[in-house]
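Colleague: I would like to learn how to read pockets, strands and helix faces. Can we work through one model together?

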Amino acid sequence: MLRIAVPNKGALSEPAAELLHEAGYRRRSTAKELVLVDEANSVELFFLRPRDIAVYVGSGTVDVGITGQDMLADSRTAADVLLELGFARSTFRFAAPAEQTRSVAELEGARIATSYENLVEDHLRQQGITASVVHLDGAVESSIRLGVADVIADVVETGSTLRQAGLATFGDPIMTSQAVLFSRPGLEVDEATAHTLGVMIRRLRGVLVAREYVLLDYDIPTDLVEKAVEVTPGFESPTISPLHGRDWCAVRSMVSRKDTNKVMDDLYEIGARAILVTAIQACRI
């Protein structure tokens, strides 16, 4: 069986569980359930602290895991990213009191509070900066006011928490992050488990594509097909079928969900009619 580490709580937990559920895997019935065996799909799901997942995967205790790229980098665990999952997007940045203008070059000798000690130390080393990194497990935003640090380094999503604390970001982002499916480098499993992993990656990718695209159907005069296809080139190419008894064609194409209304407007302007949009439940690309 393929052994998979899944976040058991926090911002990663629910999106990861929903993604796996949409991909056809069993969902745990209670948050107290720490191990779930899905016999039908030949997988075992282990619900672990997001920060610990890299350690379990790196040690070979489990085969693959889902966690944030920032936590993966902070663990200093060598890993192969198998698939970017598109949720829990964030940026990791330095921040200081809003009234202080700072640059990264000014961090030399500074005290920097963070929950991601290794990630910050590695970044500072790459920049050739020597500073004191103060590890905190939480409430990093309060550390400057309490006199523990001069600067913080933390995950920034909307920035509202920083603003409430009177802080502002500065410098380029340390890194951008999202949830990923990953394994240890050179993962070696038996043929059956390798097949199960391949199926899982295809399923997850199919869900991600289904979330991003819709199916668009429309009718168009035959002499306008080429012009319409320029608007809807599709994921690979559109399906075109002649309509019975008319000099028209029916076209079906995958379209980016976020662009749907503009594409419909453009098609109507060209001369397309009976324009219909259908959600994609799942797919294999």
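Colleague: Which helix gives the most to the lining of the largest pocket?

Modeller: First the ground rules. This is a predicted model, where local features need pLDDT of at least 70, side-chain atom pairs count only at pLDDT 80 or more, and totals for chains, interfaces and linings use all residues. Residues are numbered from 1 along each chain as its sequence is written, and side-chain values use heavy atoms, with hydrogens and water left out. A pocket is an open set of points on a 1 Å grid over the protein atoms alone, where a 1.4 Å probe fits, with protein on both sides within 12 Å along at least five of seven lines; lining residues have an atom within 4 Å of a point. Helices (H or I, at least four residues) and strands (E, at least two) are DSSP runs, numbered from the N terminus. Here α3 gives the most, with four residues.

Colleague: What is the volume of the largest pocket, and which residues are the closest to its centre?

Modeller: A volume is the space filled by probe spheres set on the grid points, which are joined across faces, edges and corners. The largest pocket has about 650 Å³. It is lined by 24 residues, and the closest to its centre are Leu12, Pro50, Arg51, Met71 and Tyr116. α2 (50-59), α3 (69-75) and α4 (117-127) each supply at least two lining residues.

Colleague: Which domains does that lining draw on?

Modeller: Domain bounds come from an automatic or database domain assignment. The lining takes at least three residues from each of domain 1 (2-88 + 178-211) and domain 2 (90-176).

Colleague: Now strands. Is β3 mostly covered or uncovered?

Modeller: Buried means under 20% relative accessible area, exposed over 50%, partly exposed in between (1.4 Å probe, protein chains only). β3 (residues 43-48) is mostly covered, with six of its six residues buried. Val43, Leu45 and Phe47 sit on one side, Glu44, Phe46 and Leu48 on the other.

Colleague: Which strands do bridges join to β3?

Modeller: Two strands pair if DSSP finds at least two bridges between them. β1 (residues 2-7) runs parallel to β3, with six bridges. Leu2 stands opposite Val43. β2 (residues 35-38) runs antiparallel to β3, with four bridges. Leu36 has Leu45 as its bridge partner. β2 and β3 form a hairpin with four residues between them, and Ser42 in the turn has a positive phi of about 60 degrees.

Colleague: Which residues of β2 are on its covered face?

Modeller: Leu36 and Asp38; Val35 and Val37 are on the uncovered one.

Colleague: Last, helix faces. Which residues of α2 are buried?

Modeller: Pro50, Ile53, Ala54 and Val57. They fall within an arc of 95 degrees seen down the axis (taken from the directions from the axis to the C-beta atoms), so they line one face of α2. An α-helix has 3.6 residues a turn, so residues three or four places apart point the same way. The face of α2 turned away from the buried side carries the exposed Val55 and Ser59.
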